[in-house]
Amino acid sequence: MQAATFRSALTTAAVVLGFFAFVALLSWGEYANWKAQVVRVETSLTQTAEAITQHADDTIEMSWLSLASLISEIRDEQQHPEMPAKIETAIAFQMKASPTLDTLSYIDATGQMVATSADDPPAKMNYADREYFRLHKSSPFRLPVLGKPIKSRLSHQWVLPISQRVVLPDGSFGGVVVSTIRVNHFIHVFRNFGVSSDRSFLLLRGDGIVMARGPMEETLLGSNISAHELFAHHLKVRTVGAYDYQSPVDGKVRIGGFYQSGRTGIVVLAAASEREVFLEWTGTAKARWFYAAVLLVVTILAAVHWRHQLKLRRESEAQLAAREAEFRLLAESSSDVIARFDEAGIREYVSPSSTQILGIEPQRLIGKSVFAGMAEDAELTVRSAAERLQDGSTQEKFIIKHTKPDGEEVWLETALSKLPSREKAVATRVVAITRDVTQHKKKQDELDALANTDELTKLANRRFFNTRFGEMMQRARRNRTPLSLLMIDADRFKQFNDTYGHAAGDECLRQIGAVVSNCVKRPGDIVARYGGEELAVLLADTDIQGAWAVAERIRLQVRGLALAHEGNPPAGHVTVSVGLATLPPEAPADVTTHALFSEADAALYRAKNAGRNQVVCGEQSYLKPNSGAAS
């Protein structure tokens, strides 16, 4: 009673411990899922930042090409009287080649607009006050410069100016060429990534100047955030990565992915609200939490059910122990060998009568496989029965030969009965009852021999021949081996009986049968008296050449008997004619025993008509199309 109480308390403790372990495991798993979600978002944002950066690089570099081409045209046409018109033509061509540009213009050394791609530009407007114009006028720097965002006087949109100093052939300042790209262009590119409304991005110059912000925030354009941790810390150690920060615009905690170009120095920061990411994660996690709660309830119910089943199992084990005692009592009092095997064919129990019937003590058999030490043919028989039990049969019976350790051979009849399957068992447990049927087998074999043997010649009779003929035909087809049939007939045997009497005729047939048996000695071959003076021989795995050799040997040895036969001219003694037919490995599957027999019989008929005392091969008509021999 105390042991049962202890087990009950232990079970309760295990359930409680399992509950807390489950909650801890669930919490750890959800934390890991959240971190994985953050990593996925960071990777996505970093990829978005990289894509926008590459697009910005391509756009800026395309603008550089347009500026370089325009400067070349200005230098070439500087002294031409229609230079403004030619420059406008060049600008129109470059605008077609660079669809991302908003405007492309040439401003002379005084700040006056010479030519532009803008429609209806303001007349006589001077651009000498623009920062980019003052920069190039005062600095000899000749490469393109990406300026701060400005409100365009031509398109009235926020644009990014990309300008370059024009140096005339004489080395003097010739003004500025400037291309502009709308800030909204980069915002549209960002939106094309299918981002949510709570995500943002910054396009920054390498010195921290804000070039674009999506969603649009005009107050940030042109501001300097070089003191921000992105420039102060992260970009100093790497050009790509992710980090968390609090937005100075809306105060939200954001997850940001950044990327800095190695070509233009442009930096892009793509960000998502941490709250938005959390809400997305909880949206997918709710289903897991629901199923986890269901699983927890099911687990608790299963624990209660398990306790109930444990009680039932203890009761069942007590009943099983009682039945086991009854089984052993019955088995040990039986004269038959009673054995029980587990799912793997290992003996769990063997009754004491195995010492007398098998010649082996029970303790030497228990724990060993039923197939251990078993002959090959017996093992095949047992495995076949076991497979049938596995496939659904409940009882099987077979007879096999067993050799005792002292060399005595006995025949054993075994009945197998399937036991109820154990829980989770993948195979079948079996009880086997084995008895010695050696004497019964000997009597049965004697009866079979009498039923299958010709009384006169002691050869197999026609019934046995027909049975084995079908079996050997199937085996030859299955193994793709040849099978040959000899039909042997004593020449003019009726005249022999009429001349010498039936007693002499019987003796003649016995001697012919002995000759044939002496020529056909392989265990698998069959020699039979088919009827009257006609004998039949089946040669397994023998082609036409081998069969011919056997037939010719039979013919010569019968002639060598020199049994007088005056009615068989010109030989004057007993001879035989042989008809031969062979089923080759490549024969069609529909060739029957009747077709092969008919072929050999027809060959025997031709041997008779050709003068007897000879071997004639069949024409294999059953291999020819539409022969009808296999019907």
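Let's start with helix α11, residues 462–479: its 18 residues reach 25 Å from first C-alpha to last, close to the 26 Å expected at 1.5 Å a residue (the expected span is 1.5 Å times one less than the number of residues). Keep in mind that this is a predicted model, where local features need pLDDT of at least 70, side-chain atom pairs count only at pLDDT 80 or more, and totals for chains, interfaces and linings use all residues. Residues are numbered from 1 along each chain as its sequence is written, and side-chain values use heavy atoms, with hydrogens and water left out.

Now look at which way α11 faces. Phe465, Arg468, Phe469, Met472, Met473 and Ala476 are buried (under 20% relative accessible area, with exposed meaning over 50%, for a 1.4 Å probe and protein chains only). They sit on the same side of α11 because they cover an arc of only 150 degrees around the axis. On the other side, Gln474 and Arg478 are exposed. The cover over the buried residues includes β17 (483–490), β18 (526–531), β19 (534–540), β20 (576–583) and α15 (593–609). Just past the helix, Arg480 takes a positive phi of about 55 degrees.

Further along, the axes of α12 (residues 493–500) and α13 (residues 502–519) come within 7 Å and cross at roughly 135 degrees. Here Phe493, Phe496, Asn497 and Tyr500 of α12 meet His502, Ala504, Gly505, Cys508 and Leu509 of α13 (contact means heavy atoms within 4.5 Å). By class, that contact has six nonpolar, three polar and no charged residues (Ala, Val, Leu, Ile, Met, Phe, Trp, Tyr, Cys and Pro count as nonpolar, Asp, Glu, Lys and Arg as charged, and the others, Gly among them, as polar).

Key
Helices (H or I, at least four residues) and strands (E, at least two) are DSSP runs, numbered from the N terminus. The arc is that of the directions from the helix axis to the C-beta atoms. Axes are lines fitted to C-alpha atoms, for helices over the stretch in contact, and angles run from 0 to 180 degrees between N-to-C directions.
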